Amino acid sequence: MKLKKDKGITLTSLVITIGVMTILAGTVVVVALNEGGIIGKAGEAKESVEDAGVYQDIIHAVLTSKNKNGKINEEALTKKLKKIDNSTNIVKNESTNSYIVTVKGDNYIIEEYGNVTVQE
């Protein structure tokens, strides 16, 4: 007479499996949440993309504000920059015919013929 063999896992293997999975889950949480982790890097990437978007918006405003001579029309530029951010601050530097523009907390220098640089 043959005995029926049990088909299942033992309590020991179940406890070991749960222990290993707990350690792995803890490691994943630490890697994801620490300062240089996945979530931190995602936040940095988001800020970088937003900054690049503002920079592109400023370049677009400058290019569409030029007159026939290739110089910037200050009134048109101001109007277009205010559309990007209503709190935009524009200061003209008379000695260099350039503008210092503050948009969303960052400073940009716009030269007379439209070159845009980020002020450090």
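Reply: Start with the order of elements: along the sequence, the protein chain reads α-α-α-β-β-β-β. That makes three helices and four strands. Keep in mind that this is a predicted model.

Me: What are the spans of the C-alpha trace along its principal axes?
Reply: They are about 105 × 25 × 20 Å. The radius of gyration is 29 Å, while a compact globule of 120 residues would have one near 14 Å.

Me: ok, and how much of the chain counts as buried?
Reply: Of the 120 residues, 18% do. The chain exposes about 9,300 Å², and carbon and sulfur atoms supply 58% of that.

Me: Let's take α2. How many residues does it have, and how far does it reach?
Reply: Helix α2 covers residues 38-63, which is 26 residues. From first C-alpha to last it reaches 37 Å, close to the 38 Å expected.

Me: Which residues of α2 are buried?
Reply: V54, I58, A61 and V62. They pack against α3, β2, β3 and β4.

Me: New topic: T88. Where is it, and is it buried or exposed?
Reply: T88 sits in the loop between α3 and β1. T88 counts as buried because its relative accessible area is 3%, and the cut-off is under 20%.

Me: What does T88 touch, leaving aside its neighbours within four places in sequence?
Reply: L81, K82, V101, T102 and V103. With L81, a polar atom of the T88 side chain lies 3.3 Å from the backbone oxygen.

Methods. Residues are numbered from 1 along each chain as its sequence is written. This is a predicted model: local features need pLDDT of at least 70, side-chain atom pairs count only at pLDDT 80 or more; totals for chains, interfaces and linings use all residues. Side-chain values use heavy atoms; hydrogens and water are left out. Helices (H or I, at least four residues) and strands (E, at least two) are DSSP runs, numbered from the N terminus. Buried means under 20% relative accessible area, exposed over 50%, partly exposed in between (1.4 Å probe, protein chains only). A polar contact is a pair of N or O atoms within 3.5 Å; within protein, one must be able to donate a hydrogen and the other to accept it, and residues adjacent in sequence count only if both atoms are side-chain atoms. Contact means heavy atoms within 4.5 Å. The expected span of a helix is 1.5 Å times one less than its number of residues. The radius of gyration is taken over C-alpha atoms; the globule rule is 2.2 Å times the number of residues to the power 0.38. Accessible areas come from the Shrake-Rupley method with a 1.4 Å probe; for residues, only the protein chains shown count as cover.
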